[in-house]
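Good morning, colleagues. Please bring the model up on your screens, and I shall then take you through several of its local features and its chain contact.

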Amino acid sequence: MANDESIPRRDFLKGASLTGASVAAAATGLVACSPKAETAASQATPATQDTWLVLTPEEAEFFIAAADTIIPKDELSPSGSECGVPVFIDRQLASAWGGGDRMYRAGPFVKGTPEQGYQLSLTPHQYFVAGVIAANAWCEKTYGKTFDRLDQAKRNEALTAMEKGTAEFDGFESKPFFTALLTINMEGFFADPIYGGNRNKASWRMLGFPGLPAIYADKIDAYRGKRYPVTEPQSIADFS
Amino acid sequence: MVTKLKEVDVVVIGQGLTGVMMAKEMTMAGLTVVGLERGPDKRPEQENILPRIRDELRYNARKELMVDNAVDTVTFRNDSDQMALPIRRWGAFLPGEGVGGTTNHWGGLHWRFLPTDFRIRSEITQKYGASAIPADMTITDWPVTYDELEPYFDKFDKLCGVAGKAGNLRGQKIEGGNVFEGPRQNEYPTPALKTSAGAGMFRDAAKNVGFHPFTVPFSAPSQPYVNVYGVTLGKCEYCGFCGRTSCEANAKATPTTHVMPVLRGDPKYTLKTRAFVKQINYDKQAKKVTGVTYIDMKTGEEYEQPAGFVILSAFVMGNTHMMLYSGIGEPYDPKTGRGLVGKNYCYQFEANGTAFFEDKIMSPFMGSPGDRVAFDDFNGENFDHSGLGFFGGGYIVGGSGSAPPIGGRDVPEGTPSWGSEWKKQTVKWYYGAMDFNTQGSVYANRANYLDLDPTYKDSIGRPLLRMTYNGTENDHKMSRHLLSKLEMAVKAMNPTSYELRPRPKNFTTVPYQSTHNTGGTMMGTNPGNSVTNRYGQVWEASNLFITGASLFPQQHGYNPTGPLGAMAYWTADKIVKDYVKNPGPLVHT
């Protein structure tokens, strides 16, 4: 159990508590060069506890652990959960998209070829619910613990096995599940913060993506081959 | 209970690009027009505005502007031995929904086909011998020539305010433009866009290895422009969000902003949105259509709308589906080769690559699909195919702009896809990646076709359209040839590393490749080889016209929108000048 003590996820849950200032502090590695941006960053970060629309406690813990493994905290950015990626996932799964909106859902449901694409009757929300149960069951069987309780090295190992498809989930395919998990994490990390992820525009700062308004007709000549200055990326909320 | 409405002169099915163009041209000729559109109306002043339009998740990842798959989709299989399964959410291609259709989100590359493309079968036969074309390659000459279409290409350029640089002005070759293009009577309406850093490097490299690079023609003005209907268009702002979103600058060509402002209030025009056309009503004996039956999705009521003539202007799949479901023309059968509706379905054989430069700064977010540089040395019959073992070709293009961060983060092959190392590499290469694309032709094959699916139904109970398609050996060879030429230019730039990605053996419905579907209601010279005559007039129903890429006998090495726009104007002109005065077959065989 000793390992559990060092699990970032636990710390995070306990201290939901993570205040705006401390999230910003985690990000200072990127913005340290710009004191002005750092100030703005601290002001922009919400200090509220994450709450869930549809995620069960087990799902929330799984997605937090997955986000922090896929997007670990380092000198380039805060961790996935610090950036709000699980909140993004929760809202997406609760959204019309998560409920299978704009999706052809008539049967018969037949297992097709890879070229024929997704052929299950499950909506994205239903798919992730089933996937988390299958992933945790496999982790329990393999490591004796659910995914969120594994230490960082074992989490990396488990995700790698899913990515390669060598993790043999019971009645569920691990490889497409990993692809869906990776995709939704990337969306949460890089989408506009209006959706609950990419808090404090952490990924945009990391990349040097300026965000809005994205009107460059008068800048394309001046910045051809030169670094465009991105001190404070702008998001939809900044223009609303 | 079907309510029969009062007859109008014209019903246009689908109010996408060509549907709105046709409605405009017909009302200008004094005809009463009802435009039926299954999707919603579009209100650019409400929808295409800052900040909401800069939303990569909503538009790019969740594909908000695309046809609702729950309403309609297609089934797919690679070959006719398989069971086709529905595309449950769009992947490889993205048909658009609502007024403006696919042009609300298109990438805006605006081309003309080559003069030789229009006579491709004769050209190949003449150059390489009568037996050169394999038996299963069902390519044909178009029933119309480049010279005949040129005035309509010109008019379509002026609808869109295309930005570009002529390479062939009335026969005079001009360096810096595309010297392979057919002769143009006029310069492009506005100057070519400014090129991104990567595109500039690609231009120099292509020149150094002996090719003829030019800035791609783009369907948005580079400076404010008043179009052919007197609508003032904005200029491209190089926003970098173009490919799946609408344009807040009213620059990227779509009838939503380029035509509707002067059509919407016309008393001769009635727009009905959320009107789901179920079928064209066809009198086989008389070889005429009587109108259409549609469902008003807002009330659930079913209506019959009689019309003097009908213009079918849905997306490629919709056009073919409507013909098959309405029982007009004989469905194509690949086993016997008989039948024409659904024949010569083609796609675009795209391949791509990326080069990485440690020492270069290329802002990936700043740019437009139109700020890239292409060369056309290996398109169509621009080069000798002797001994190559394939026919066809395509343009090759490169540049560095236009990549918002969910989708636009290139890292070299072999980089982990998550974790700290992934992050490090993502940041390292974010400003240093350049993307390439080869836009290959698809030369029709007898095994690739469209028909009605025997199992799956759409939301009003009609069979879905079934697509049977796979890449042919010819097209794979063509594509590898293009990649080998691309590689010469890439190497000349001395990148830190690069990778080229040939298409996998089997066509796959995921991931995105190209929305350039063509064929299914091909045009031709007689009822024995085509669904329509050279004016898009259906042989089996002389008061039914078709517009759009479903008319293409095969797909050439360019994006299809330029040619399909020109052809819509060619059809409109013939209807107004001749058909209206003397309704009946425009071509006698």
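Arg102(A) sits in the loop between α6 and α7 of chain A; helices here are DSSP runs of H or I with at least four residues, strands are runs of E with at least two, and both are numbered from the N terminus. Although Arg102(A) is not a glycine, its phi is positive, about 60°. The loop between α6 (85–94) and α7 of chain A is also the place of Pro108(A), and a cis peptide bond with omega of about 0° joins Gly107(A) to Pro108(A).

A word on conventions. This is a predicted model, in which local features need pLDDT of at least 70 and side-chain atom pairs count only at pLDDT 80 or more, while totals for chains, interfaces and linings use all residues. Residues are numbered from 1 along each chain as its sequence is written, chains are lettered from A and ligands numbered from 1 in the order in which they are written, and side-chain values use heavy atoms, with hydrogens and water left out.

Chain B has a cis peptide bond between Leu50(B) and Pro51(B), again with omega of about 0°. Pro51(B) belongs to the loop between α2 (44–47) and α3 of chain B.

I return to chain A for a helix pair. Helix α7(A), residues 124–143, packs against helix α9(A), residues 174–190, at an angle of about 115°, with the axes 11 Å apart; axes are lines fitted to C-alpha atoms over the stretch in contact, and angles run from 0 to 180 degrees between N-to-C directions. The crossing is left-handed, that is, the near helix is turned anticlockwise from the far one by less than a right angle. Which residues of α7(A) meet α9(A)? They are Tyr127(A), Phe128(A), Gly131(A), Val132(A) and Ala135(A), and they face Pro176(A), Phe177(A), Ala180(A), Leu181(A) and Ile184(A), contact meaning heavy atoms within 4.5 Å.

Next, the salt bridges, defined by a side-chain nitrogen of Lys or Arg within 4 Å of a carboxyl oxygen of Asp or Glu. The count over all chains is 43. In one of them, Glu25(B) pairs with Lys155(B), the closest N and O atoms being 3.1 Å apart. Because Glu25(B) lies in helix α1 (residues 17–28) of chain B and Lys155(B) in helix α5 (residues 146–160) of chain B, the pair ties together parts that are 130 residues apart in sequence.

Finally, the interface. Chain B contributes 69 residues to the contact and chain A 71. Together they bury about 5,600 Å², 61% of it on carbon and sulfur atoms; buried area is the accessible area (1.4 Å probe) that two parts lose on being put together, summed over both. Arg88(B), Arg89(B) and Trp418(B) supply 16% of the area that chain B buries against chain A, more than any other three residues. Four salt bridges cross this interface. One salt bridge joins Asp221(A) and Lys194(B), with the closest N and O atoms 3.4 Å apart.
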